[in-house]
Amino acid sequence: MHEVTVALGLLEGIQTAAREQGIERVAAVNVRIGALSGIVRDALLFSWDVATVDTIAAGSELRIEEIPLIIFCEFCEGERAPLPGTGLVCPECATPSPRIVRGREMQLVSMEVPA
Amino acid sequence: MKLRVVEVAANLMVKNNALAAKLRARFAASGTLVVNVLSSPGSGKTTLLEESLTRLARRYSVGALVGDQATANDAERLARSGAPVRQITTGSECRLDADMIAKALAGWGQERFDVLFIENVGNLICPAEYDLGEDLRVVLLSVTEGEDKPLKYPLAFNTSQLALVTKIDIAEAVGYERAAAKAAIEAVHPGMDVLELSARTGAGLDAWMAVLEARLRAKAFVPAG
């Protein structure tokens with residue numbers, strides 16, 4: 001639902017980094033988006049294309065690595081991936097976990113620029 | 001075209017989190033208890049806040065910031081309580097962020113509050129991501145919404161400290177299943193505090209006020225700065 005804002009945030013991060021390093025054109029951007037972030041992949045791709053018009057990242061490819069939800073199960077003492085729609089519950093022993101290990105990411109990882 | 005990879009490594013939430021930390025320090029200095037209220041549209045957020053403001057205003061200085069994408073209706077309703085209320089029109093934004101709170105406070109010219117409510121935009125997805133510098137994040141679940149709502153929006157319930165089950169006066173009529181709702185809440189936030197209430201009949205409101213007053217007392221003993 002906030003894909004446009006996220007796209008603009010990513011663009012800002014890219015522009016800042018590019019300015020610092022004298023980069024004038026960006027061909028691709030790599031990001032990590034967690035399953036709990038509420039980001040819809042296609043909506044973010046669309047927002048990216050619109051947000052980057054007339055910028056150094058115009059026409060660039062946004063590569064989204066989707067990070068699945070991982071919790072830490074205190075009973076099993078290990079990281080587990082809950083089944084979809086079950087909340088934050090261990091799929092093996094059914095213990096609910098308050099600890100989210102992965103799945104909240106909204107990270108700018110890197111950009112690819114002409115060598 | 002030959003490409004090279006440039007590491008950028010930045011968390012998109014860094015800016016908001018830094019601003020929220022500043023707000024939190026400011027609210028600590030002024031001894032203001034800040035309550036961020038999350039819910040779906042139509043869960044009874046405005047009615048509950050109207051009632052909460054009216055009750056608290058008898059003993060404390062209270063105010064509310066109200067986020068709404070388009071209208072000022074909620075702010076107008078809350079203003080009937082007599083408490084100072086300021087609207088934040090978010091336009092296309094589906095949530096409030098720390099920057100919006102800072103700007104609204106700057107343009108408000110109010111002195112300090114004992115309690116400041118922030119009525120977030122009615123939405124359980126985006127607001128869960130944004131720290132507003134609050135002390136207490138509360139999520140509403142009305143008895144008409146479906147008991148599995150916490151499973152659909154785990155982050156909103158996981159990041160809130162208290163769940164308020166609203167419209168409890170019509171629970172029986174709509175076939176609300178208390179045990180199912182409790183199980184869904186436990187599945188995303190084990191041990192989460194839950195209060196049932198009705199802003200219309202007043203049921204459960206004393207317990208809700210007691211939670212706020214206990215928090216307020218705790219806050220007042222935190223040394224400023």
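Two strands pair if DSSP finds at least two bridges between them; strands (E, at least two residues) and helices (H or I, at least four residues) are DSSP runs, numbered from the N terminus. This is a predicted model, in which local features need pLDDT of at least 70, side-chain atom pairs count only at pLDDT 80 or more, and totals for chains, interfaces and linings use all residues. Residues are numbered from 1 along each chain as its sequence is written, while chains are lettered from A and ligands numbered from 1 in the order in which they are written.

**View 1. The three-stranded sheet of chain A.** The strands of this open sheet follow the order β4-β3-β5 in chain A, and their pairing is antiparallel. β4 (78-80) and β5 (100-102) of chain A each have a single partner strand and stand at the edges, so one side of each lacks a neighbour in the sheet. From one strand to the next, the twist averages 40 degrees, where angles run from 0 to 180 degrees between N-to-C directions and axes are lines fitted to C-alpha atoms, for helices over the stretch in contact. Strand β3 (residues 70-73) of chain A is joined to β5(A) by two bridges in the antiparallel sense. I71(A) has I100(A) in β5(A) as its bridge partner.

**View 2. The four-stranded sheet with strands from chains A and B.** This open sheet has mixed pairing and runs β2(A)-β1(A)-β6(A)-β1(B). Its edge strands are β2 (61-67) of chain A and β1 of chain B, each of which pairs on one side only. Direction ignored, neighbouring strands are turned against each other by 20 degrees on average. Strand β1 (residues 28-34) of chain A runs antiparallel to β6(A), with six bridges between them. N30(A) is bridged to S110(A) in β6(A). Helix α1(A) packs on the sheet and touches β1 and β6 of chain A together with β1 of chain B; the direction of α1(A) makes about 120 degrees with that of β1(B).

**View 3. Where chain A meets chain B.** Chain A gives 34 residues to the contact and chain B gives 32 residues, two residues being in contact if their C-beta atoms, placed from the backbone, lie within 7 Å. On the side of chain A that touches chain B, the elements giving two or more residues are α1 and β6 (106-114) of chain A. The residues of that side comprise 21 nonpolar, twelve polar and one charged; Ala, Val, Leu, Ile, Met, Phe, Trp, Tyr, Cys and Pro count as nonpolar, Asp, Glu, Lys and Arg as charged, and the others, Gly among them, as polar. Seven bridges pair β6(A) with strand β1 (residues 3-11) of chain B in the antiparallel sense. Opposite M111(A) stands V6(B) in β1(B). The predictor gives the complex an ipTM of 0.84 and a pTM of 0.89.

**View 4. The crossing of helices α1 and α2 in chain A.** The axes of α1 (residues 3-21) and α2 (residues 41-51) of chain A come within 8 Å, crossing at roughly 55 degrees. The two helices, α1(A) and α2(A), are therefore oblique to each other; angles under 35 degrees count as roughly parallel, over 145 as roughly antiparallel, 65 to 115 as roughly perpendicular and the rest as oblique. From α1(A), the contact uses E3(A), V4(A), V6(A), A7(A), L8(A) and L11(A), and from α2(A) it uses A43(A), L44(A), S47(A), W48(A) and A51(A). Nine of the residues in the contact of α1(A) with α2(A) are nonpolar, one is polar and one is charged.

**View 5. The crossing of helices α1 and α4 in chain B.** Helix α1 (residues 14-30) and helix α4 (residues 98-106) of chain B have axes that come within 8 Å and cross at roughly 40 degrees. That makes α1(B) oblique to α4(B). In α1(B), N16(B), L19(B), A20(B) and L23(B) meet A98(B), D99(B), I101(B) and A102(B) of α4(B). The contact of α1(B) with α4(B) has six nonpolar residues, one polar and one charged.
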